[in-house]
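My entries follow the order in which I looked things up.

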Amino acid sequence: MDWATLRRKAGTAALVGFRVMPGPLKRAAVRVGAPTFTAGAVCILEHDGAVLFLWQPHREGWSLPGGLMGRGEEAADAVRREVAEEIGLEIDPGDPVTVNVDVRRQGVDVVFRVVLDRRPGLELATEARKARWFTPEELEDADRDTFGIMASLAALEGPRRPGRLLGAADRG
């Protein structure tokens with residue numbers, strides 16, 4: 001038996017073994033063998049072309065309202081909670097507009113966008129020291145996560161590239 005066949009048979013045996021494992025043991029095995037990512041929910045609050053950014057001591061630059069999702073918490077509930085905690089606003093976040101995956105920091109942010117008809121009064125909580133409205137072009141001193149989120153949002157507004165099958169001509 002050659003190495004490729006032996007490797008394929010060993011892989012099949014491992015997958016069958018995984019399939020019959022109890023659920024908690026499967027999850028434990030995946031957690032040990034797979035990279036872990038943090039999951040957050042972020043809200044872009046927009047009025048008249050400007051976006052609300054916060055200055056928070058634990059961040060390196062301006063950031064968007066939002067934070068980490070709790071265990072078992074839905075993204076919409078998390079962003080609703082974070083916005084209320086950080087700036088004292090109650091929002092209906094609607095549906096997510098994008099999901100930003102940052103493989104370098106191993107983080108996933110579900111991004112919501114709320115367009116406001118007026119700029120509301122804010123009640124800054126202990127995390128947020130300052131709040132300021134910037135147009136995306138004015139924002140220079142944002143943290144790395146925020147730049148990534150804003151770039152992913154800008155990419156949504158541009159032309160969409162359709163998917164395609166790669167290497168189809170090579171298959172017979």
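In β4, I found G66 as the bridge partner of V42. This is a predicted model, so I note that local features need pLDDT of at least 70, that side-chain atom pairs count only at pLDDT 80 or more, and that totals for chains, interfaces and linings use all residues. Residues are numbered from 1 along each chain as its sequence is written, and side-chain values use heavy atoms, with hydrogens and water left out.

Next I followed β1 to its other partners. With strand β6 (residues 107-115) it pairs in the parallel sense over nine bridges, and with strand β2 (residues 50-55) in the antiparallel sense over two bridges. I noted that E46 has V115 as its bridge partner in β6 and V51 as its bridge partner in β2.

How many of the 10 residues of β1 are buried? I found eight, so the strand (residues 38-47) is largely enclosed by the rest of the structure; buried means under 20% relative accessible area with a 1.4 Å probe, protein chains only.

Last, I looked up I87, which, leaving aside its neighbours within four places in sequence, is in contact (heavy atoms within 4.5 Å) with L45, L52, L54, P65, L122, E123 and L124.

Methods:
Buried < 20%, exposed > 50% of the residue type's maximum accessible area, 1.4 Å probe, protein only. Helix = DSSP H or I, 4+ residues; strand = E, 2+ residues; numbered from the N terminus. Pairing = 2+ DSSP bridges.
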